[in-house]
Amino acid sequence: MMHQKIDFVFEAQQVYKYTLRKQNAASRMAKLKLLKEAIARHEDEINLALHKDLRKSQFETAVTELLFVYGELDFAIKNLRDWMRPKRAGKTLSNPFSKNRIYYEPKGVCLIMAPWNYPFQLTMSPLISAIAAGNCVMLKPSEISQATSAVVGKIIASVFEEQEVACFEGNADLATALLKLPFDHIFFTGSTAIGKIVMEAAAKNLCSVTLELGGKSPTLIDHEVDLPKAVEKIAWGKLINSGQTCIAPDYVFVPQERVDEFIGLYKSAAEKLFFKSQAQIEPRAYAKIISPKHFSRLKHLVDEAVEKGARINWGGTFDEKSQTIYPVLLSQIPANAQVMEEEIFGPVLPIIAYQDIDEAMAQLNAKSKPLALYIFSKNAKNIQKIIKNTSSGGVCVNDVLVHIANPKLPFGGVNSSGIGSSHGVFGFRNFSHERAVVFQSKLNFNRMVYPPYQGKEWLLKLLRKIM
């Protein structure tokens with residue numbers, strides 16, 4: 001029955017996409033404003049849903065989910081007319097009298113597959129870009145964050161007809177059925193492993209993709225650094241949403257002589273942020289692990305690392321009943337431990353001691369290109385050295401996570417951490433086809449600039465002056 005509904009909506013959107021192509025900026029902006037109003041009406045439900053799914057506090061929901069989405073909406077509404085306006089392109093020597101433009105047209109019918117870790121933000125953000133670009137959308141929120149997915153579906157239904165935007169809730173079978181359809185574009189946020197499956201399915205229909213994946217985002221602390229300030233930021237970035245953040249610091253390089261200092265500072269920062277006493281987490285401020293399955297995976301990562309010789313420097317309390325994992329610091333981790341091979345996605349932070357910055361970069365570059373890289377240093381020369389000799393989706397210097405919150409910056413990975421960029425104009429372009437349009441001059445120009453050139457040097461000189 002669900003598969004029949006999917007096919008019905010897909011065919012309806014295939015027809016309606018041609019109507020959307022004709023709509024102007026004002027029409028698209030009006031839809032974005034209606035979406036913003038609907039979100040505002042459902043704020044209480046969003047808060048309750050995120051608390052049920054992830055035990056997110058109202059403050060964390062406001063900062064990492066609602067305010068982020070409101071910011072995306074406001075930025076798109078403010079700038080959409082300019083984004084849609086055809087852009088001038090330069091002339092060429094072979095056609096100097098033409099008028100050249102780049103038009104941004106909707107890709108058509110798009111599929112958005114959202115994850116569970118920021119289930120509201122990471123559903124709405126690409127949807128905003130898709131609407132701004134004039135597309136029809138079939139939306140698949142995560143089945144793991146069921147409460148939030150239900151609220152998302154309710155909001156979508158209150159604003160859009162299914163022929164324009166439709167939300168489908170379901171498990172992996174539903175996702176598989178959706179991926180068989182010949183979409184014009186697929187936007188997927190999730191793991192690298194599932195991203196490969198999405199890309200393989202898209203290839204069968206020659207469908208373009210945006211893949212927002214993960215990876216092990218490293219943090220490199222230089223010898224020249226204000227360590228207390230650095231550790232405060234790292235602890236916050238690692239432990240917000242209980243580490244279930246695609247750009248959370250996954251592991252940290254610390255100068256050998258400052259490892260003990262780092263451990264003490266990290267413990268103090270974490271306790272200040274998320275504990276109600278030295279030994280007790282404050283559940284009203286600290287998120288839970290999304291499911292028993294993910295809880296077990298994280299416990300296995302720590303247990304397996306310890307069995308292979310890793311040392312727990314702090315933490316290690318696993319409360320299965322409440323699906324709460326207290327912050328964990330690991331050191332002396334063997335290179336073949338799973339915690340150093342796969343994305344952690346939890347409140348476990350491996351510490352890698354190093355002596356020379358080149359040594360740290362070599363270890364970093366031995367792994368797949370990450371979604372984010374965090375550098376803490378006062379040495380401008382070292383900062384530039386690290387940026388130039390490494391590769392990552394994005395970089396923050398002396399901070400973590402904040403690059404995702406600036407809609408004027410592209411957000412995305414590289415290779416195994418993602419394909420394409422999102423947010424702001426970059427998201428708009430991702431859901432648009434950049435169409436080259438040439439308006440030829442009415443001048444009777446007989447291509448005299450083409451070979452043979454003999455005797456026409458005067459013309460070439462004239463054309464160069466025009467260009």
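Which residues line the largest cavity?

Author: Happy to. This is a predicted model, in which local features need pLDDT of at least 70 and side-chain atom pairs pLDDT 80 or more, while totals for chains, interfaces and linings use all residues. Residues are numbered from 1 along each chain as its sequence is written, and side-chain values use heavy atoms, leaving out hydrogens and water.

The lining of the largest cavity is made up of Leu122, Ser125, Pro126, Ser129, Phe187, Thr189, Glu212, Cys246, Ile404, Phe411, Ser422 and His423. On a 1 Å grid over the protein atoms alone, a cavity is a set of points where a 1.4 Å probe fits but cannot get out, a pocket is an open set with protein on both sides within 12 Å along at least five of seven lines, and lining residues have an atom within 4 Å of a point.

The space in this cavity comes to about 110 Å³, filled by probe spheres set on grid points joined across faces, edges and corners. In total there are four cavities of 30 Å³ or more.

Helix H5 (121-132) gives the largest share of the cavity lining, four residues. H5 and strand E6 (185-189) each supply at least two of the lining residues; both are DSSP runs (helices H or I, at least four residues; strands E, at least two), numbered from the N terminus. By class, the cavity lining has six nonpolar, five polar and one charged residues; Ala, Val, Leu, Ile, Met, Phe, Trp, Tyr, Cys and Pro count as nonpolar, Asp, Glu, Lys and Arg as charged, and the others, Gly among them, as polar.

Closest to its centre, out of 20 lining residues, are Val63, Thr64, Phe68, Ile404 and Ala405. Helix H4 (58-84) and H5 each give at least two residues to this lining, with H4 providing the largest share, six. Its residues are 15 nonpolar, four polar and one charged.

Of its 49 lining residues, Phe188, Gly190, Ser191, Thr192 and Ile194 are the closest to the centre. Two or more lining residues come from each of helix H7 (172-179), E6, helix H8 (192-204) and helix H11 (292-307). H8 contributes the largest share, eight residues. Here the lining divides into 20 nonpolar, 15 polar and 14 charged residues.

Conventions. Contact = heavy atoms within 4.5 Å.
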